[in-house]
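Please look over the structure below before reading the briefing that follows it. The points are grouped by topic, so that each can be checked against the picture in turn.

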Amino acid sequence: MLKILKYSFFDLMRSRWAYIYTAFFLLLTVSLLWLSGDIAKVVASLMNVILVLAPLIATMFGVMYYYNSREFTELLLSQPIRRRHIFFGQYLGLALSLSLSLLLGVGLPFVVYGVWGSAEVWDFMMLLVVGVFLSFIFSALSFFIALRNENRIKGFGLAILVWLFFAVIYDGLFLLALSLFSDYPLENFAIGASLFNPIDLSRVLILLKLDISALMGYTGAVIQKFLGTALGMAVSMAALSVWVLLPAWGIQHVAKHKDF
Amino acid sequence: MITIDNLHKSFGRQPVLSGVTLSFDRPGIYAILGPNGSGKTTLIKSILGMAIPDKGQILFQGKDIRGQWHYRRQIDYLPQIARFPDNLRVSELLAMIEDIREEKPQAMGRLIELFGLQPYLDKRLGNLSGGTRQKVNLVQAFMYDSPVIILDEPTNGLDPVALIRLKGLLHEEKEKGKLLLATTHIMNFVEEMADEVVFLLEGHIHFKGSLDSLKRQYNETSLERAIARILQGEPGFSANGHIKQAVRLAVRR
Amino acid sequence: MRNTTILAILCLLGSYFARARTVTVCPTCSFSGIKQAVAAAQAGDVVLVKKGTYREYNIELNKPLTLKGEGYPIIDGQNQGEVLSITAGGVVVEGLDIRNVGTSYIEDRAGIRVKKARGFTIRNNRLNNTFFGIYLEKSADGTVSGNHVSGEAVQEMSSGNAIHMWYCKNVLVEHNYLRGHRDGIYLEFVDSSRIRLNISEDNIRYGLHFMFSNDDDYFHNTFRRNGAGVAVMFSRRINMWENTFEHNWGRASYGLLLKEIYDAEIRDNTFRENTIGIYVEGSTRLQYRNNEFSRNGWAIKMSGGCLDNVVANNNFRYNTFDLALNSAANNNRFDGNYWSNYTGYDLGRDGRGDVPYHPVKLFNYVVNRTPEAMVLLRSLFVGLLNFSEKVSPVFTPANVADNSPLMRPITFNRTVQPKNRN
């Protein structure tokens with residue numbers, strides 16, 4: 001598995017897309033830091049971008065990478081190696097290269113700017129952790145989808161739909177449910193519902209750092225009480241890990257029974 | 001060496017192989033022929049463990065290959081389409097395969113020379129022409145000394161010189177006593193190279209035997225015309241098939 | 001030469017002592033108790049209490065005395081009752097460490113009580129666990145300064161205020177440090193008084209609380225981690241300048257709570273990281289100028305009829321919500337503020353944005369109706385919602401807008417900061 005991972009990672013890190021992705025984050029972060037100079041504000045702006053873009057790019061790259069390396073995968077399948085190892089290797093290579101692009105693009109300007117020692121260093125770390133998680137989660141989901149759909153158009157469409165669902169539609173339904181049942185106490189529902197969407201969960205984790213003042217009022221206090229504690233943090237991290245493991249398990253399950 | 005017993009495989013409702021029984025026990029070059037969609041590639045992929053049969057079994061050197069992967073150490077494979085990771089260099093690709101197989105390739109240097117690939121070793125695979133990629137593909141397929149070589153449309157995209165080199169290679173490997181399975185559409189290639197022919201049609205084996213016996217059976221002097229006769233349903237093999245099918249339908253009713 | 005100097009000094013001292021005697025109290029002196037010494041002292045005397053612990057309570061200062069501690073002598077009420085009460089004018093109390101008044105549900109016990117007295121001075125004392133710290137009733141023309149009043153209040157109903165004023169006039173409260181009470185400073189029917197340079201923190205209810213009080217000022221104070229920083233209710237002409245309100249967090253927590261207020265000026269204050277910076281209910285003709293609102297949940301929340309208010313030249317930086325309104329009727333003016341959430345442009349290069357800024361977002365309304373929706377804050381969906389509302393407003397009032405928003409934040413010079421002197 002590590003062998004496949006190594007070569008996939010090299011292949012991807014040298015691709016034009018990896019450069020573009022890294023350069024985009026570099027440019028964005030540098031210009032935000034330069035324009036506003038307020039780290040808290042930059043973290044807030046970056047959060048909006050990362051929460052949307054990291055899953056979207058991971059989704060698209062996941063599908064693209066799978067379909068593009070379809071023929072090479074066949075060659076690998078003819079080699080004396082377990083199937084599982086091929087797909088996990090490719091998936092991890094992809095997720096790692098995406099994460100590295102993000103870490104370099106966002107992290108480098110911050111380190112140069114001197115985030116260490118500033119009050120926002122933890123907000124910033126949380127941003128990176130969440131970005132890496134989202135890259136892992138959505139590349140696994142899209143890999144899984146591509147693996148299940150031989151038809152590229154269908155696979156691509158489905159993967160984008162999944163992204164759209166988690167990025168927008170889920171929250172729309174969530175809000176609808178909240179306003180329909182607003183006569184009932186909904187705090188626990190709200191916490192539960194955000195655990196079931198990795199993007200929401202990531203967002204709430206950053207909100208706990210950025211918008212603590214607003215969250216301390218009303219329901220926020222309940223959320224803060226649950227997710228803001230060490231236990232809550234552990235639960236959130238566990239939930240995010242489950243979001244990585246679930247599609248990863250799906251990948252190995254589908255790969256095991258699939259004809260190439 | 002390879003025994004296939006009553007192999008069934010369908011994709012969805014579409015049967016691709018319906019009860020294929022075959023064995024390749026003597027060394028030599030076997031050409032697997034058949035029109036598009038006849039199940040040639042599926043047959044090969046089943047042997048390689050890439051397609052998983054619905055029914056039947058495949059024995060490699062007497063052992064069932066289901067769920068196994070070690071046996072592939074003894075097979076070299078030339079895929080039909082030579083596409084590799086765009087951003088790896090030729091040398092890295094070969095190193096990767098060496099890494100995976102955990103075995104030093106015996107013939108790599110000689111093959112690189114044979115196909116004139118030295119100038120391309122440090123080039124990225126994405127920047128190579130289709131023909132050069134196919135040469136790389138040939139190098140990776142022939143660089144190990146495995147007893148079985150499976151080739152999917154080996155002549156695809158090769159220039160005449162490379163084609164001659166390939167034929168030479170195939171002869172050489174045959175002389176070493178290896179088993180070579182090749183699918184192809186090029187009848188000249190078959191006539192020139194193959195010892196035996198397997199003809200697949202609609203998932204059934206319509207013929208297996210030497211080139212001469214095929215021609216004799218259909219009273220034809222050229223392979224092409226014999227094949228054409230099979231496809232036109234003369235002199236009765238496939239008619240026979242139709243009758244079988246009619247009977248089967250009748251029984252089901 | 002030297003002898004004459006000493007003689008001169010002695011003469012000076014003598015003449016001073018002739019006017020004001022000093023009665024010294026110490027555990028080994030002839031006066032070993034304060035009550036005893038006070039009884040013996042005459043008007044204008046100084047009762048000097050030396051370092052030590054005095055277990056006394058119900059000490060009444062009923063003549064103009066100066067009660068002065070040296071090295072912070074401890075007066076321990078042993079939870080029996082009030083320690084000091086001042087019932088005469090011109091009393092000075094300073095340098096004492098007063099402790100343990102005990103909680104009573106029948107009477108409002110205090111560490112120091114001033115009752116119907118004028119011209120009092122209470123300075124540089126330490127009060128600990130005194131239920132009510134300094135309690136002024138029907139008194140005037142006094143100063144409370146440099147005191148350190150701390151309690152361990154846990155419940156609103158069973159705790160008192162650090163400085164409590166009731167029917168007072170013309171009192172100066174400055175440089176005090178107040179913590180752990182119900183309210184840091186409480187004023188009811190207190191007029192023409194001035195509260196400045198105090199630090200009031202970790203109080204259960206309010207850092208500073210005005211009720212039915214008029215013509216008062218408070219400035220240069222810091223209110224931190226209170227239930228709410230300052231509450232001003234039913235009062236007129238209160239000036240609020242250069243105070244800092246920070247970290248007032250909680251379900252009903254505000255930096256500043258205004259209720260039924262008229263004609264007040266809120267100027268040069270800093271509101272930092274409060275759940276709600278300013279919560280206003282039914283207040284009219286208020287001026288909000290040159291304030292800094294940064295990283296609050298809501299910078300300003302108005303409810304009930306708030307009319308004729310002016311919000312101008314303030315900085316609104318990185319607040320989760322800049323403004324929430326829950327009444328349709330609106331004639332408040334927003335002008336020339338800096339809003340970090342503003343995304344417009346300035347083609348005219350005059351430092352002011354060319355398109356108006358609408359500080360009320362649709363999501364405000366959603367959260368108002370369904371507080372749980374807060375978890376969706378900053379989500380893409382909410383962004384789209386706000387955007388579509390911005391393009392064609394349906395729910396948000398179109399007339400609530402800053403027509404000349406600033407492109408760059410204003411730099412304020414805040415120089416005076418309260419210091420904790422004790």
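**A sheet in chain B**

In this predicted model, 4 strands of chain B form an open sheet in the order S2-S1-S4-S5, and the pairing is antiparallel. Strand S2 (14-24) and strand S5 (63-64) of chain B stand at the edges of this sheet, and because each has a single partner strand, one side of each is left without a neighbour in the sheet. In general, the strands of a sheet pair through backbone hydrogen bonds, in either a parallel or an antiparallel way.

**More on chain B**

- Taken along the principal axes, the C-alpha atoms of chain B fill a box of roughly 65 × 40 × 35 Å.

**Helix packing in chain A**

- Two packed helices are described by the angle between their axes and by the distance between the axes.
- Helix H2 (residues 16-36) and helix H5 (residues 83-113) of chain A have axes that come within 8 Å and cross at roughly 25°; because angles under 35 degrees count as roughly parallel, H2(A) is roughly parallel to H5(A).
- The crossing in which H2(A) passes H5(A) is right-handed, and the residues that make the contact include A:Phe24, A:Phe25 and A:Val30 of H2(A) together with A:Leu104, A:Gly105 and A:Leu108 of H5(A).
- Sorted by class, the contact of H2(A) with H5(A) has 14 nonpolar, 5 polar and no charged residues.
- H2(A) also packs with helix H3 (residues 39-68) of chain A, at an angle of about 170° and with the axes 11 Å apart; because angles over 145 degrees count as roughly antiparallel, H2(A) is roughly antiparallel to H3(A).
- Among the residues that meet there are A:Trp17, A:Leu28 and A:Leu32 in H2(A) and A:Lys41, A:Val49 and A:Phe61 in H3(A), and the residues of this contact divide into 10 nonpolar, 3 polar and 1 charged.
- A:Tyr21, A:Thr29 and A:Leu33 are among the residues of H2(A) in the contact with H5(A), and they are also among those that meet H3(A).

**How the chains meet**

- Of the 2 pairs of chains that touch, chains A and C have the most contacts, with 30 residues of chain C in contact with 34 residues of chain A.
- Helix H4 (residues 380-391) of chain C provides the largest share of the side of chain C that touches chain A, namely 3 residues, and that side as a whole has 14 nonpolar, 10 polar and 6 charged residues.
- The contact between chains B and A takes 24 residues from chain B and 20 residues from chain A.
- Strand S6 (75-78) and helix H2 (90-101) of chain B are the elements that give two or more residues to the side of chain B that touches chain A, and H2(B) gives the most, with 5 residues.
- By class, the side of chain B that touches chain A has 15 nonpolar, 2 polar and 7 charged residues.
- Chain B and chain C, by contrast, do not touch, and their nearest C-alpha atoms are 35 Å apart.

How values were computed
Residues are numbered from 1 along each chain as its sequence is written. Chains are lettered from A and ligands numbered from 1 in the order in which they are written. This is a predicted model: local features need pLDDT of at least 70, side-chain atom pairs count only at pLDDT 80 or more; totals for chains, interfaces and linings use all residues. Two residues are in contact if their C-beta atoms, placed from the backbone, lie within 7 Å. Ala, Val, Leu, Ile, Met, Phe, Trp, Tyr, Cys and Pro count as nonpolar, Asp, Glu, Lys and Arg as charged, and the others, Gly among them, as polar. Axes are lines fitted to C-alpha atoms, for helices over the stretch in contact, and angles run from 0 to 180 degrees between N-to-C directions. Angles under 35 degrees count as roughly parallel, over 145 as roughly antiparallel, 65 to 115 as roughly perpendicular and the rest as oblique. A crossing is left-handed if the near helix is turned anticlockwise from the far one by less than a right angle, and right-handed if clockwise. Two strands pair if DSSP finds at least two bridges between them.
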